[in-house]
Structure formats: structure tokens, C-alpha cells
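Thanks for making time this morning. I will talk through one model and keep to what can be read from its coordinates.

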Amino acid sequence: MTAVSPIFLLCVVLSLSSTVDSDCYASRYLRQGDREFEQKNKKFFEFNEQSNTWVEVELPYDLFSCINGACKVAYSIQEPITKIREGEEGVVVVSVEKDTLGKKGSSSYGILPVRKRISLRKMSEVSVWVTGESGSIYERFWNGLRWVIAPHELPLFAGYAVSVFMINHTILALSEAGQLYQMQLTEDSQPVWAEFVPEFDRGASRETVQLDSGVVSNDNDRRMYFCTKNGQLLELLGADHPRWANHGRPPGANVTAITDAASVRPGLLFTVSGAGDLYEYDPTTKPPWKKHIHQQGSVGEYSLASFKACIIHSLIGAHSVSLFLLTKNGELIERRMHQRKWKWVVHGNPKGHRLTSITCISRDETNENPNSLFVTTAAGFVFEYHIQNYPDRDLEERKWQNHNHPPYAKVATGKSGLQLQLGRMIFPLDDGRLAELHLSSLGGEKLGPNPPVSTRRKPSIKYVWSLLDAPETEGWNAEYCTEQSGPTNCILGTKDETGDIPVSRWRKDSKTQHYYLSPEADSNPNPGDQNDNVIPDKWDIKKLFRLRLMQEEKSFFLITENNVIFEYLNTENTWFWLRHEHSTGIEGAVGNYNGSLFVVDEDGSLLIRERSSSDLTWINCTALRRGKQVIAGPPWDGALGQAPRAKPEDSIFFVSKNGRLLQFTVALRKFKWKDCRNPPGVKIASIVDQEGFRGNIVFVVGQNGRLFQYNKVTELWHQHCQSQHLVLSRLPGTAMRSSMSSSKGSLFMLSEDGGLVEYKWSSMEGWNWIEHGPPDTTVVLVGAPGPCFGGNELFLIGSDGNVYLRYLDRGEWKWRDCGFPYTAYDETDEEDVIDRNCDSKVSNTRPIPFSDDSVIFELRDGRLGEMRRVEVGNWMWSRVIGTPSSLCVTNFWASWAM
């Protein structure tokens, strides 16, 4: 069978439906992965070229999609089996379409990874607590005027948080290591986390118990139950005077999840074992553990997933109880008790989707269909399941209602949402943000808790999505609340009396966040121009990474044209050059972390130059496990004047020779390589900024001149919406952020035609592109922009060899020509040897900041020039520094020593 046959077969027998949002003009960049293939026929044929006839294929049959030689299963044609029956053991199967969704590649949708640290917890009508994938805890709180975000992170030694609970007004947090922490108030009413250790015998020594997950009971006693990492069931009675009880585990099994706590009857628990069996625990009976048996021969088929169940009372009778659970192969299954008899009811799943979580909602008697569940699929879709009291073939097509997902963002798989109120639900997204699914005009970012209203659906009312921003710990843009009085106060918001923008316009609607697109393999605007996708040559690398600051006002490094590395040091008020020898030539200095310099040699190997005791040593990082060759790194190493805070996830990002983003972990000297790949179909040209503008985000420019970002927490790529006429240069950029307490700031880059481009973010306006252009019609900007100072001054180099300053003056951007350093040799006779070797104009080598009021440039003759600030917007040349590589020896011998 040739490669043409499956494509032809696909076109003949499948119908394709897709929805494209027209909010962004860059339609060619819209995500194409949401196309849904609908199977309508039962028989399928392929063309056999040898016999020149059509031959019926046996089902299941995989259809492949091939792009640039990379093939994957686009859809798997299955044989549908639809039937309604009741087995001898009380098993009811309600129109289940078997398509073996548990097998990899059998679905037409991609499978998202499970975000293990994400959780949502509703503490009250005005408070929702979130644990993000970063392991941080934050709270969304309605302060009476707007939703604000307050941080509640665990202490650094506690590690990452995975869930939070509230029992009797006491807030508890569970760490990834299995330890419990309690929020307490200090004498000055500041919240702090204190370790909360389970103790079963106060007379004995503490026994370390690692908890895995927990639930709060739904009865009046408000007890907490936990399952441990070794599969036992624990109970916490009260938090002020805690008492712990160990209920053990089912005979021959373990506890991997508590699916329900006291919803059916006070004191009655339901658990799921690692084998997928359902158990109930009732301490008032003997034996306390009872196993719910599946129909004979269906154990594997109905093996349960370790997930919380939804409980619905009186579904088919006044005293009936239904537990809705999920199977491991992604089907919805019900354990129903009616007239004191238990039976299994299999509800199946939407065609082509595997279910991974259930979101329970309150029963709405005013709705035409009061019994509904919301389920999340492995592909990040949300479906509403309309529960039928009795099987009805006429309603089969309408029981699964697809609410899809927000534009360019998928819902986190395997994680439940929560109901904020009737008609409003919040779901965690796979990219770290949140989204609210609500009835139109009933919810969204701007609306707080609404008074109870009837949610009876009208034809004109439907569910819509609203995106909710997340804080910087997740790589997003939301700002934390403040203690100052005003709209963003953490407790009580008050209207701003300064006449600023009203609250209703404080933030754009969810379309603001459509600036983040999901790049796909066909996102290259010029797919035919593959010859343009060439990684910068060594000359560009030298110009971009020839200078690197080591210690503010004390030391910096210089890479010469002949690949020799020198360090300019200040010892006891004496400046001198120190040469660092290496067996191979050094191409560039690409990073600095904790006093260690990261350089690239002429072979592309990443090396570390560091001090060990009294000696200087080299470490070859490329020679480590999974080591890679690199060509570029981040443009800057953190903000000047700010002491770096070491974090366990500290890393430096580099660009590989084949245009991929590489992450090299440096924290605690636990060196580790990670391939972060590249946006589909686009090679990376350079890193614009690494976590300077936004924590956990690396901004890069692709070889196609487009701006992308990589989220270190979620490991996802996003493309920024950008005019097709704006093509960025392949050079690094610089970030400008005046205050770390505000997310407001800008990224500065150069356009392909040598103009200055600003990409600006503010909470009121979102992202905006601003083209500043060149300083003069006769000059274009060369090299990489930067550095910047104070959030209002940016240095650039012109093609005329002059330095230009772009600065803010009373809210207005202005240009200033700073020229180049003047020396006496510039006016000497042309026959003078020194004069012919000296050129004081500035080269296009990327400059470096030397202090918070000083910047170092390389001159065209190889010397260095230093500028210092006189006042804001006014800088003067202060000195020229001779270098070992310059033939112009001005002031060199007085400053150079080996």
C-alpha cells in the first residue's frame, strides 16, 4: 500500500470539522490540532495497486498523517458495538462505543501529560485556593471590587505543594514529599506555615508518615481522611486538638484514592485500590472493609481509576444513590444502589475521547435537566454528560455535550474543576492558567459571586469560556494584591480616587490573552524558505558574546578575535588583565552563575571556568551525560544591584547547533541537561530574555523572525501574535522592568530592517507591539539592543559607529546621540602608525553593564569604552580601556599585566 492510499481513504470516508477563531489576524498560526474526525461508515476499503482493485480492510485500521517524513497515527477506525443489556451480576451497559481508547494512538486527539501538582479548593464563596504546577500556592479572592491574587507559598524547605484543605476554619497544605503543614498566625497577624506531623501515640517517638492525598468528609463531623504513599487509610479528627487514627487497608489490597467520604452515609467511605477495585469502609460493621465485585470476566474492562467520585442521590428513586467513577480506560461508570441492591452501570465516553476526571456540580432543580456531570478528557476537552434516568435510544446523540476548551489552551487532564456557583465552574488549564466555564453574562474575570439566580437554559444562553490569568510563579502575568488601600487591596477593595481608569476597564476581556497562540508544525509563514533557516555563524557568536560581566565594578571577561579569553580585574584599586588558558579556542562567554563563567569553545562545547579553593579549573559540560553542543546563551545574567536568590530549579538556557532550546540545571551543582526542543517547524535563532522579564519564561526569536516563549514550569511553547509585516532580527533582545512587584514592562528587539521594536505588557492593555524605528533616517541600528537601566534608559548602536540612547522623559520616548569616545589620536596625522591602528567609533559587539550607572562598549579598534550616567537621560564617556588584542596601545600598558 502506498502513502497515497491512506490519504485518499481519509478524504473519502471521514468528514472534517474545525472551528477557527478570527480574533487574531495571524490565521496561519492558529492551532490545527483540534480537528475532529467523525467516523460515519462501518466498512472501509483501500486500493491495492498490485491487483488494481479495492480491498476491504479489517478493523481496527490506523490512518497515518505524514508531514516532512514524520508520520503519526491521525485516527484509528474502530468497529462500533452498540447495545443495551443487563447482566446476571447487575451490570447495565448503556450504548457503549468500544474503540479501545486505552491504547496509545487510537484517538484522533493528542494525549496531554498529567500535571501532578495542580489542584483547586473552594474555601468560601469569595475564596478559591490553587496549587500550581510550580508547587506554589495562591488564592483568588474577591475583595468586593475585583478578584485579586494573594501568595501563600510553603517555605523553601517544605518543597512543592500539591493540595490544600480547610477543616473547621483551619487551612492545611500537603507537600509533594507527603508532609502536612498548617497555616498559623504570628503575633503580628502574619500567616506562616508550621509542620503538622501525624502522631498516633503521644508517648512514643514521632513516626514519619508520608501522605499521598486527602479529602474532607461531607457530613457534619467534617473529618479528614488521607491515604498514605504505602496504601493505608488515615483519619484526622479535629485540627486544634488533632487525633489520628490508622484504619489500615483492605485485605490483600491497598488504598490509592478515597473516592467519597460520608456522602452516602455518615462514616461510610469508598476507596479504590491499585488494582482498580472499589471498596467501602464502615467502622461500625464487621468486617469494616467490603469489596464491590465486578461482573465475572469484566475485571480488566471495568478497572477503576484512582479518582474522586461524584455522588447523586435519588437519581432513579427516592432512596437511590449513585457513585459516578472513571475506569482506567477512560469510561464513565456508575455504582448504583437502589432498593438495597448494588449494580454497575456503564455510561461509556464521547466518541474519540478518553475521560480522565469528573467535576461534580450541585443539582439544579430549575434546570430542564437537573442531573449533569462535567468530565475532562485526555486531550483537554470538557464534556457535559446529561444523565438519563433510564436508557433512551432517542437521547443517545445528545447525552454528551462538547464544551471544547478555551481558544489556544487545553484543560488540564486528570484534574477536577470546581463549581463556583450555579452556572459557573473553574478549570485548571494545561498551560498553568485557569479558565471559567460559565453561562454567558453570568461570570468571567470581572464578576464576583452573584446572587442565586435561575439557570434554566434558554435557547439564547450557552456556556462560554473566560480565561483567568495566573501569577508569575506559573510563568504568567497576574500581579499579587497589596496592603495599600485601593482596588487591589488584599482584603477590601476601594475605588481609586485619582480618576484613573475605572474598575470596569481595569483589565481587558479574555480576548487579551489570545495573544498567546499554540505553535504547530505548519506555523512557519514561509514554509518554502527552508534555506533561510541557517544558524548564525561564528562571527555573529563572537559579536554577541564577546563581553560578559562577572562581578559588578570588579571583573568582566573579554573574548578576542583569535579566541583567547581575558579577564579584566580590579585588585586593591589596580586594574589588570588576566589570561585564562585553554587547549581549544574560546568563541564566546554565554553565561554567569554564582561566580562561574560559562563559555563555548570553537568545537561548540560548553565549558565552565570556576575557582576551586585557590585554583582555577575547567569543567566540560558537553562531556556530561546527554551533553550538547551550543552556539548561544541568554543575553543577560539577572538584574544589576539585586542579590541573586538561589532556587532548587535554577538553570541556564542555551541554543543548540540545530536550533533547539537546551536547559542546563546548575542549582546545587547538580548539573543536568534537558532538551526543550523548539517550536514545531521553527528553529531557534537566539534567546531574547531568560526569566528577566517574566519568571519561568524564556523568550526566543525563531529563524522565521517570530517571537516565541517557553514555559519552564509546564514545558509548553507559545507563539505571540505578531503582524506578518513585522519580522524580527535574529539577535538577542533585552528586557525592561522597572519593579519586580509589577508585571508591567517591555521586551526590546530589533526588526529585520534595523529599527527598534518594543513588545509591551500592562495589566490594563495586555500585549502591544510598538515600533520605535531608527534614531535617524540615515542610520540603522546594528548589533543587539541593550543594556537597559532603571526601566527608562536603553542603549543601542548605530551603523555610523555612534551610541544612541532611547530614554523616557516625562512619559515620552526620546532619542539622544551619545557619539563615540573622543581621543587625542583622532586628530593626528594620517601617516601616524598609532592613528592608523586606532578607530574610536563603536563596533556592533553587544555591550555589557558594569554597574548601575556604567556601561562598557567595544570600539572598532578592539579597545573598550566606558560611559557613566550624569543624570537620567544624560551619559558621558568616562574612559577608554586598552586591551591585549588591540593594536591601538592607548593606555594599554598601564592597565595590562599577566
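This is a predicted model: local features need pLDDT of at least 70, side-chain atom pairs count only at pLDDT 80 or more; totals for chains, interfaces and linings use all residues.

Mean pLDDT for the protein is 83, and 78% of its residues reach 70 or more. There are stretches to treat with care. Over residues 499–513 the pLDDT is below 50, though the model still gives this stretch 25 contacts beyond near neighbours in sequence. Residues 521–534 also stay under 50, and there the model has 21 contacts beyond four places in sequence.

Now to strand E18, residues 224–228. Five of its five residues are buried. Which residues lie on each side of E18? On one face we have Met224, Phe226 and Thr228, and on the other Tyr225 and Cys227; both faces are covered.

Strand E17, residues 211–216, runs antiparallel to E18, and five bridges join the two. Within that pairing, serine 213 has cysteine 227 of E18 as its bridge partner. E18 also pairs with strand E19, residues 233–237, in the antiparallel sense over four bridges. Here methionine 224 stands opposite leucine 236 of E19. E18 and E19 make a hairpin with four residues between them, and glycine 231 in the turn has a positive phi of about 85°.

One of the bridge pairs is glycine 745 with tryptophan 761 in E56.

Next, the cores. The largest nonpolar core has 32 residues, and those touching the most other members are Phe598, Leu606, Phe654, Leu661, Phe664 and Val700. Strand E47, residues 651–656, gives the most to this core, with four residues. As for phenylalanine 654, once residues up to four places away in sequence are set aside, the residues it touches include Val590, Val630, Ala632, Arg660 and Ile687. There is a second, separate core of 31 residues, with Leu120, Ala470, Ala735 and Leu747 among them.

That leaves the two single residues. Asparagine 143 sits in the loop between strand E11, 137–142, and strand E12, 147–151. Is asparagine 143 buried or exposed? Its relative accessibility is 2%, so asparagine 143 counts as buried. A polar atom of the asparagine 143 side chain lies 2.9 Å from the backbone oxygen of asparagine 489. Beyond its neighbours within four places in sequence, asparagine 143 is in contact with Val148, Pro487, Thr488, Asn489, Ile491, Leu492 and Gly493.

Valine 192 is in strand E16, residues 191–195. With a relative accessible area of 34%, valine 192 is partly exposed, whereas asparagine 143 is buried. Leaving out residues up to four places away in sequence, valine 192 touches Gln182, Met183, Gln184 and Thr186. From valine 192 to glutamate 153 the C-alpha to C-alpha distance is 9.4 Å, with 39 residues of sequence separation.

That is what I have for today.

Terms used: Residues are numbered from 1 along each chain as its sequence is written. Side-chain values use heavy atoms; hydrogens and water are left out. pLDDT is the predictor's confidence in each residue, from 0 to 100. Contact means heavy atoms within 4.5 Å. Buried means under 20% relative accessible area, exposed over 50%, partly exposed in between (1.4 Å probe, protein chains only). A polar contact is a pair of N or O atoms within 3.5 Å; within protein, one must be able to donate a hydrogen and the other to accept it, and residues adjacent in sequence count only if both atoms are side-chain atoms. Two strands pair if DSSP finds at least two bridges between them. A nonpolar core is a set of buried Ala, Val, Leu, Ile, Met, Phe, Trp, Tyr and Cys residues joined through side-chain atoms within 4.5 Å.
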